[in-house]
Structure formats: C-alpha cells, structure tokens
Amino acid sequence: MAFVMVYAMICYNISLNVGGMQNFVFIAAFKEMIIMWPIAVVLELLFVGKLAQILAFRFVTPGKDPMIMIILAISAMSVCLMCPLMSLAATILFKNAGTQFVAVWLQTTAMNFPMALCWQIFFAGPLVRNIFGFVVRSISKQPETAAKEAV
C-alpha cells in the first residue's frame with residue numbers, strides 16, 4: 001500500500017511543480033521513491049498504523065459495523081495522519097522553503113490531502129486489497145491442488 005500511495009503522490013506533486021502531468025513524471029517519480037517510500041514504511045509501521053486503528057475505532061466497532069465502514073474509517077484516519085507527516089518530509093527534503101517553512105508545509109499538506117484521500121479510498125485501497133486477496137487465495141489453493149494431484 002505504501003508503494004502505491006507514495007508513487008501516486010510523488011507523481012501528483014511533480015505534476016503540480018511542472019504545471020501538469022507529463023510523460024516524464026512517471027519515471028522521475030522513481031528518483032524520489034528511493035527516499036520517500038522508506039520514510040512512509042517506517043512511519044506506518046512505527047506510528048501511524050496503530051494510531052489510525054485507535055482513531056478509527058472511536059467511530060466504528062469491529063464485529064458490529066459493516067467491514068466496509070471499518071476499512072474506510074481506518075483508511076481515512078491513515079490519510080489524516082500520513083498526509084501531514086509525508087508532506088513535512090517532502091517540504092524538508094524537496095521544497096527549499098527557507099523562512100517560509102511552516103507556510104510551505106501547510107500549503108503542501110492542503111494540496112496533497114484531497115488527492116491522498118481520494119486516491120486511497122477509490123483507487124489504491126481497493127487495488128491493493130484485491131491484489132492481496134488474489135495472492136492469498138492463490139497461495140491457500142496450492143496445498144489443495146497439490147493434495148488432489150497426489151491422490
């Protein structure tokens with residue numbers, strides 16, 4: 001999930017910086033991925049993942065609310081936490097904000113938040129969950145197939 005989110009957000013930010021989407025953006029984004037992806041993974045594993053669940057579970061109850069509501073609540077809380085943190089990292093590493101640091105960080109966060117939320121809820125989340133589900137189903141079917149072939 002971190003890879004899909006970070007790559008898309010880097011493409012988005014490069015596009016903002018150059019005045020619109022261009023073909024070179026897709027390749028240029030990989031240069032920043034080397035830096036930003038590990039930052040996102042560390043933040044998610046050490047801080048955001050658990051806190052997003054805690055915050056989400058203030059609104060939804062596992063076992064009581066529909067699974068889609070739980071997924072959406074955790075996804076929304078993850079974006080609420082990750083967007084300002086990743087925007088902070090991008091501001092420090094790529095923006096050369098100088099004395100306008102706080103203003104540039106706030107603007108970067110404000111520009112990124114709608115894109116991050118929509119991308120997570122409508123595209124990255126469903127895509128990654130479907131791929132993960134397909135892989136898990138494929139792996140869990142392999143022992144059945146091997147057992148049937150052995151008989």
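This report describes helix packing, aromatic pairs and selected residues in a predicted model.

Local features require pLDDT of at least 70 and side-chain atom pairs count only at pLDDT 80 or more, while totals for chains, interfaces and linings use all residues. Residues are numbered from 1 along each chain as its sequence is written, and side-chain values use heavy atoms, with hydrogens and water left out.

**Helix packing**

Two packed helices are described by the angle between their axes and the distance between the axes. Helices here are DSSP runs (H or I, at least four residues), numbered from the N terminus. Axes are lines fitted to C-alpha atoms, for helices over the stretch in contact, and angles run from 0 to 180 degrees between N-to-C directions.

Helix α1 spans residues 2-18 and helix α2 residues 24-56; their axes come within 8 Å and cross at roughly 130 degrees. This angle makes α1 oblique to α2, a class left over when angles under 35 degrees count as roughly parallel, over 145 as roughly antiparallel and 65 to 115 as roughly perpendicular.

Residues in contact (heavy atoms within 4.5 Å) include Phe3, Tyr7, Ile10 and Ile14 of α1, and Phe26, Phe30, Met33 and Trp37 of α2. By class, the contact of α1 with α2 has 19 nonpolar, 1 polar and 1 charged residues. In this scheme Ala, Val, Leu, Ile, Met, Phe, Trp, Tyr, Cys and Pro are nonpolar, Asp, Glu, Lys and Arg are charged, and the others, Gly among them, are polar.

α2 also packs against α3, at an angle of about 145 degrees and with the axes 9 Å apart. The crossing of α2 and α3 is right-handed, and their contact has 22 nonpolar, 2 polar and 2 charged residues.

**Aromatic pairs**

The whole structure holds 4 aromatic pairs. Rings of Phe, Tyr and Trp (its six-membered ring) pair if their centres lie within 6.5 Å; planes under 30 degrees apart count as stacked, over 60 as edge-to-face and the rest as tilted.

One of the pairs is edge-to-face: Phe3 and Trp37 lie 5.0 Å centre to centre, with 75 degrees between the planes. The pair joins Phe3 in helix α1 to Trp37 in helix α2, 34 residues apart. Tyr7 and Phe30 form a tilted pair, because their ring centres are 4.9 Å apart and their planes stand at 35 degrees. Tyr7 lies in α1 and Phe30 in α2, so this pair ties together parts 23 residues apart in sequence. Phe3, Tyr7, Phe30 and Trp37 form one aromatic cluster.

**Accessibility and individual residues**

Buried means under 20% relative accessible area, exposed over 50%, and partly exposed in between (1.4 Å probe, protein chains only).

| Residue | Relative accessible area | Class |
|---|---|---|
| Phe3 | 35% | partly exposed |
| Phe30 | 39% | partly exposed |
| Trp37 | 38% | partly exposed |
| Ser78 | 16% | buried |
| Asn96 | 73% | exposed |
| Ile139 | 52% | exposed |

Ser78 belongs to helix α3 (residues 67-94). Not counting residues up to four places away in sequence, Ser78 touches Val48, Ala52 and Cys83. Asn96 is found in the loop between α3 and α4; its phi is near 50 degrees, a positive value in a residue other than glycine. Ile139 is located in helix α4 (residues 101-150). The C-alpha atoms of Ile139 and Tyr7 are separated by 27 Å, and the two residues are 132 residues apart along the chain.

Conventions:
Helix = DSSP H or I, 4+ residues; strand = E, 2+ residues; numbered from the N terminus. Left-handed = near helix turned anticlockwise from the far one by under 90°.
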